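Try each one yourself before reading the solution.

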Amino acid sequence: MNAVTYSAKDFKTEVKPVWCPGCGDYAVLSSITKAFADLGLAPHQTSVVSGIGCSSRIPAYTNTYGFHSIHGRALAVGQGLKLARPDLTVLVAGGDGDGFSIGGNHFMHACRRNVDLTYVVMDNRVYGMTKGQPSPTTEADWDASAMAPPGGTGMTPFHPLAIALAAGANFVARCFSGDPNGTAEVIAEAIKHPGFSFVAVMSPCITFREEQREWKNMVRPAGVEATTDAAQAARRLMTDDGMNMGVLYRGNRVSYGKEKKATASFADLEAEFAI
Ligand code: SF4
Ligand code: MG
C-alpha cells in the first residue's frame, strides 16, 4: 500500500473522451480507474495498453503509463511490458474487433501463455470506429447497418469466454458497463488474480447498435459462485444465454515466468543443462 492514496479521479487525465454521448465505454473507463484506486495503486505503478478502435483510445484518458499500440497487437505489447517490468500492473484494453479478429491469434496464445496481466474487452459486437461493420461477436443475422451484408454474415459468433477458458486463461469474467461499481470490483479482482485474467464487458455502442440499450433490462447476476473447475465453467458457459454477469472461473495456474524464478538456483540450472 502506498503512503499517499489516490482516487479514481487521479487515474484520469484532462483529455476529454471523444466517445459518442451515451457510449458504454465511459463507464468502463470509470470502472478501470476505480479498480486501480480501490487496490491502493499509484499512477506510476500502473499501465494501460490498447490496440485500435473506439475503446482503444483509453490510454489517452488514463493517467498511467500507456501505449496506444497497433491494431490487434495490444496483447503482444502488454505481455512484453509485463515481462520487462514485472513490478507494473499491466491492464490491456480494447474492443471486440481489435481483440478477436485482428488480434484473435494473440488472444488465444496470451490465454495459454498466462502472463500476469488483465485483459478488459469492451464488447459491443460491432466495429464502431469504422462505422458499423460486423465484428467476430456480431450475431449471424444482424444486418441493421449499411455496412453489414443483407441478412447478416451468416457466421456463428465467436464465443470469447469459452475460447479464453479452453485456451487456458486463469480468470474469466463477464460484466456489464451499466454496472460500473460491479465491473470495478471484478476488474480489481482480475488484477489481483495471478496469470492471464480476461474480463469481457458488454459495453453498448448506442450509435450503431441502438438496440443494445436494452441490455440493461436483460443482464442479471449469475447467481452462482465462480468455480475453479474449468469443465464446470465450460458447461455453464455453453448453457447460459450470455446475460449472466460475474466471475465465472478462477484458475490456479502459475503465471508465465514465475515457476522458473521460484525454483531457479545454480543446482537447478545445472540440472536443466546437464547432458
Ligand atoms: Fe461508442 Fe459506438 Fe460511438 Fe464508438 S461509435 S464511441 S463504440 S457509441
Ligand atoms: Mg466493437
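This is a predicted model: local features need pLDDT of at least 70, side-chain atom pairs count only at pLDDT 80 or more; totals for chains, interfaces and linings use all residues.

**Exercise 1.** Work out how strand 3 (89-95) sits in the structure.

*Solution.* Step 1: look at which way the residues point. Thr89, Leu91, Ala93 and Gly95 point one way, while Val90, Val92 and Gly94 point the other way.
Step 1: check burial. Seven of the seven residues are buried, so strand 3 is largely enclosed by the rest of the structure.
Step 2: find the partners. Strand 3 pairs with strand 1 in the parallel sense over five bridges, and Val48 has Leu91 as its bridge partner.
Step 3: strand 3 also runs parallel to strand 4, again joined by five bridges; here Gly94 stands opposite Val121.

**Exercise 2.** Which residues of helix 3 (residues 74-84) are buried, and what covers them?

*Solution.* Step 1: the buried residues are Ala74, Leu75, Gly78, Gln79 and Lys82.
Step 1: viewed down the helix axis, they fall within an arc of 125°, so they line one face of helix 3.
Step 2: their cover includes strand 1 (46-50), strand 3 (89-95), helix 5 (104-113) and strand 4 (118-123).

**Exercise 3.** Trace the largest nonpolar core and find which element gives the largest share.

*Solution.* Step 1: this core has 29 residues, and those with the most contacts inside it are Ile32, Phe36, Leu91, Val120, Ile187 and Val199.
Step 1: the elements that give two or more residues are helix 1 (25-38), helix 2 (58-61), strand 3, strand 4, strand 5 (171-176), helix 7 (180-192) and strand 6 (197-202).
Step 2: helix 1 gives the largest share, six residues.
Step 3: take Leu91 as an example. Leaving aside residues up to four places away in sequence, Leu91 touches Ile32, Phe36, Ser47, Val48, Val49, Thr118, Val120, Ile187 and Ile191.
Step 4: apart from this core lies another, of 27 residues, including Phe100, Leu165, Ala233 and Tyr249.

Conventions:
Residues are numbered from 1 along each chain as its sequence is written. Chains are lettered from A and ligands numbered from 1 in the order in which they are written. Side-chain values use heavy atoms; hydrogens and water are left out. Buried means under 20% relative accessible area, exposed over 50%, partly exposed in between (1.4 Å probe, protein chains only). Helices (H or I, at least four residues) and strands (E, at least two) are DSSP runs, numbered from the N terminus. The arc is that of the directions from the helix axis to the C-beta atoms. Contact means heavy atoms within 4.5 Å. A nonpolar core is a set of buried Ala, Val, Leu, Ile, Met, Phe, Trp, Tyr and Cys residues joined through side-chain atoms within 4.5 Å. Two strands pair if DSSP finds at least two bridges between them.
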